[in-house]
Each structure stands twice: as C-alpha cells, then as structure tokens.
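Here are my notes on the model, point by point. Please read them with the structure open.

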Amino acid sequence: MHSSPHLICVATIIAPHGIRGEVKIRTHTEYPETIEEYSPLLNGSGAPSYKVTIRQVIADDLVIARIEGITNRNEAETLRQVQLYITRDEMPDIDEDEFYHTDLIGLAVKNDQGVDQGVVVALHNFGAGDIIEIKFNNQHQSVMLPFTKATIPTIDLNHHFVIFNPPETYEIELGE
C-alpha cells in the first residue's frame, strides 16, 4: 500500500462571488453544507489548504462560501477551478448495498461468464438517475448506460469487478 492518502474530490471552486473574496463552490456531496464539516479541505497534493465557511446554500450542489485568508475578488479569482479534497477515510460509512462512485471507477467489467469486457470509467447523474460509463475493450469510445441492478447485477469490490448484463434495448457489440 502506498503512503499517500486516497484523495476524494468533494467540491470545485467555480467562480468569485462579489468583491469581498467570497466564492461559488460546486459540491460533489449528497448535502452541500457537509463540505464545511470536512474543512479544512485539502489541495491536490493532500495538504490542508482551504478553511471553508459556507455563507449560503443556493442550489442542491452550489454554495456561496468564504475561504479563510481570501479577502477580495482578485484573490478569489485565483481559486477558479481549484478542486477541494478529503481523504477516503474521512468519508462516512455506508450500507452494504451502497457504493461511493470513487470505489467503482477503474473496476473491471465482466460478463456473466467472467470474461473481461472492459473497465468502469465514471459514474454520472444528470438528474434522471445514475449513469455508468464503461470503456469496452473493443470500442474506441466509452458507452453510458443506466446504473441499475438489471444492468450491473453484481458489484464485487473485494475482487475489483462488476458484472455487466446488457439491456435488451441496447446493441453493444462486445465480441468474445
């Protein structure tokens, strides 16, 4: 095991807000206000760098916040697109049948006979439910599919794979 902590991006500073150094932050957490509970948040190298105080929640994934030490718009502008992290062990425990997206990314994708088909590239939610993005071995581009029990009936984190069951409505040439 390597010594550097596994960092999880929980938010991104997207823009300055006003003239007093406040920023708009897009959160990647279930509840946007939880990023303040993790403060100080880490930079990409894992160093504690950003003490965040939320001023206002303005959407399900958007807050106005103050970053300690940032006092004007020019300073806030330098933080545009900065990603904010926590370590994996800071994340709350979840139920046995729940998964963090970060735990699924990079898992092998196998068919029900155990044949390697590809890899999980990402998980998305554009508002209508979770979508799993898979890069199949024989395709140049990744494919986005509904992340449901029917499509992915088995997730085995211990052995680092998922079982893929292609939906009938999708024609994906997987090869053998």
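1. Helices (H or I, at least four residues) and strands (E, at least two) are DSSP runs, numbered from the N terminus. Two strands pair if DSSP finds at least two bridges between them. On those terms, a hairpin of six residues joins strand 10 to strand 11.

2. Ground rules. This is a predicted model: local features need pLDDT of at least 70, side-chain atom pairs count only at pLDDT 80 or more, and totals for chains, interfaces and linings use all residues. Residues are numbered from 1 along each chain as its sequence is written, and side-chain values use heavy atoms, with hydrogens and water left out.

3. Overall. The chain holds three helices and 13 strands. Its C-alpha atoms fill a box of roughly 60 × 35 × 30 Å along the principal axes. Of the 176 residues, 37% are buried (under 20% relative accessible area, 1.4 Å probe, protein chains only).

4. Hairpins. Strand 9 (residues 116–125) pairs with strand 10 (residues 130–136) in the antiparallel sense, over seven bridges. Leu 123 stands opposite Ile 132 of strand 10. Four residues separate the two strands, and in this hairpin Gly 127 takes a positive phi near 115°. Strand 10 also pairs in the antiparallel sense with strand 11 (residues 143–146), over four bridges. There, Ile 131 stands opposite Pro 146.

5. Cores. A nonpolar core is a set of buried Ala, Val, Leu, Ile, Met, Phe, Trp, Tyr and Cys residues joined through side-chain atoms within 4.5 Å. Which residues of the largest core touch the most other members? They are Ile 25, Ile 35, Leu 41, Val 52 and Ile 67, in a core of 23 residues. Strand 1 (7–17), helix 1 (34–38) and strand 7 (83–87) are among the elements giving two or more residues. Strand 1 gives the most, with four. Another core lies apart from this one; its 13 residues include Leu 104, Leu 107, Leu 123 and Phe 136.

6. Ile 25. Beyond neighbours within four places in sequence, its contacts (heavy atoms within 4.5 Å) include Ile 13, Ile 35, Val 52, Asp 61 and Leu 84.

7. Lining. The residues lining the largest pocket divide into 18 nonpolar, ten polar and nine charged. Here Ala, Val, Leu, Ile, Met, Phe, Trp, Tyr, Cys and Pro count as nonpolar, Asp, Glu, Lys and Arg as charged, and the others, Gly among them, as polar. A pocket is an open set of points on a 1 Å grid over the protein atoms alone, where a 1.4 Å probe fits, with protein on both sides within 12 Å along at least five of seven lines; lining residues have an atom within 4 Å of a point.

Conventions:
Buried means under 20% relative accessible area, exposed over 50%, partly exposed in between (1.4 Å probe, protein chains only).
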